[in-house]
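I opened this entry to keep track of what I looked up. The structure goes in first, then my notes.

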Amino acid sequence: MPLAAPLIETRLGGLAPHRQGKVRDIFDLDDSLLMVATDRISAFDYVLGSGIPDKGRVLTQLSAFWFERTAGIVPNHLITTNVHEYPAAMRPFVDVLAGRSMLVRKTNPVPIECVARGYLSGSGWKEYQASGSVCGVALPAGLRESDRLPAPIFTPATKASTGHDVNVSEAEAAQLVGEPRIRRLRELTLELYAFGAAHAESCGIILADTKFEFGLTDQGEIILIDEVLTPDSSRYWPRDEYAPGGPQPSFDKQYVRDYLEQIRWNKQPPVPSLPDDVVVRTRQKYVEAYRRLTGKELA
Ligand SMILES: Nc1ncnc2c1ncn2[C@@H]1O[C@H](COP(=O)(O)OP(=O)(O)OP(=O)(O)O)[C@@H](O)[C@H]1O
Ligand SMILES: [Mg+2]
């Protein structure tokens, strides 16, 4: 069956997105925000030349799944994913928006990326090799890359406006948002991680680490915002291939990474496009992640 064309850019008549991330287009609807997950895919910090059909649907529907299930831990920004409940001005665009967008409460985002790590990977592994600790959290000696940590840790990062996020200690994060708030964010982050990791584990998937964002409402309440426990905000590893002592295959982007290594892309523009078989297999992985984690078919 031929694949649907990927959605690369969201066009809502003459309305321009108020903000474009690597993957999501965000529209400011005054009282609320409309977040549209496109099919753009990034690797090594660049958006690639090809989209992955249905990827945006997976991100949106998986976030919605987790928002619903974690609402008992912390309230979140989700208002609705039902396009018929969107403001009337969005009515002409329901076909584009259905399944890949959500209407959310506008908040004042907390300027800290709240990362939880249960395994040693990525920037955590790099820091550990250099200092034996991650974000000021001392870890036992002798851990290998991708090893499971004795207990999950909170490793905040600041949102750099350009390029990479910067890992910071909890004390540094406290200087930005205050001591009581950072303690609360750590608590919520670790509780959400534990919930997500336990569920993923029951689906044969390791949640190695993940990033949450929080926002403040006008009433000063902390709520969970952005996307939640998606492949784009998390490191998911297939449990049956887990072999610590080196990097693990990524659940979703492995074919993309393998291809980019194979063509020896120098990780500088111009960005490559992906051959059809890499697109098809990557799409299958995103859809499989959705199916395994939710037990449902993608809508
Ligand atoms: N409910 C909300 N209220 C206010 N801002 C929000 C809300 N939910 C998400 N955001 C913000 O919207 C932005 C989402 O953008 P997006 O993730 O697409 O791009 P980005 O974070 O700038 O870049 P990247 O592609 O690297 O993730 C983030 O800055 C996030 O903090
Ligand atoms: Mg983001």
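My notes below take the ligand, the cavity, a pocket and a hairpin in turn.

**Entry 1: the model.** I am working from a predicted model. I keep that in mind throughout.

**Entry 2: the ligand.** I began with ligand 1. Which residues are closest to ligand 1? I found Arg19, Lys22, Arg24, Arg105 and Glu213, out of 17 residues that surround the ligand. Then I looked up single contacts. A polar side-chain atom of Arg19 sits 2.5 Å from an oxygen atom of ligand 1. For Lys22, a side-chain N or O atom is 2.6 Å from an oxygen atom of the ligand.

**Entry 3: the cavity.** How many cavities of 30 Å³ or more does the structure hold? I noted 1. The largest cavity has about 80 Å³ of space. Its lining includes Arg24, a residue I had already listed among the closest to ligand 1. Met35, Val36 and Ala37 also line the cavity, as do Leu59, Thr60 and Ser63. I wrote down Arg100, Met102, Asp226, Glu227 and Thr230 as well. Strand β3 (32–37) and helix α1 (55–70) each give at least two residues to this lining. By class I have 5 nonpolar, 3 polar and 4 charged residues.

**Entry 4: a pocket.** I moved on to the second largest pocket. It holds about 160 Å³ of space. Which elements each supply at least two of its lining residues? I listed β9 (112–119), β12 (148–154), α5 (179–202) and β15 (205–216). Among the lining residues are Gly118, Tyr119, Arg148, Leu149, Tyr193, Glu201, Ile206 and Leu207. The lining counts 9 nonpolar, 1 polar and 2 charged residues.

**Entry 5: the hairpin.** β15 was in my pocket list, and I followed it onward. β15 and β16 form a hairpin, with 5 residues between the two strands. Gly220 lies in the turn and has a positive phi of about 80°. The strands pair in the antiparallel sense over 4 bridges. Phe214 stands opposite Leu224 of β16.

**Entry 6: strand β16.** Are the side chains of β16 (residues 222–225) buried or exposed? I checked both faces. Ile222 and Leu224 are buried on one side. Ile223 and Ile225 are buried on the other. I recorded both faces of β16 as covered.

Note on methods
Residues numbered from 1 in each chain as written. Chains lettered and ligands numbered in written order. Predicted model: local features only at pLDDT ≥ 70, side-chain atom pairs only at ≥ 80, totals over all residues. Heavy atoms only, no water. 1 Å grid on protein atoms, 1.4 Å probe; cavity = no way out; pocket = protein on both sides within 12 Å on 5 of 7 lines; lining within 4 Å. Points joined across faces, edges and corners; volume = space filled by probe spheres on them. Nonpolar A, V, L, I, M, F, W, Y, C, P; charged D, E, K, R; others polar. Buried < 20%, exposed > 50% of the residue type's maximum accessible area, 1.4 Å probe, protein only. Pairing = 2+ DSSP bridges. Near = heavy atom within 4 Å. Polar contact = N/O pair within 3.5 Å; in protein donor to acceptor, adjacent residues only side chain to side chain.
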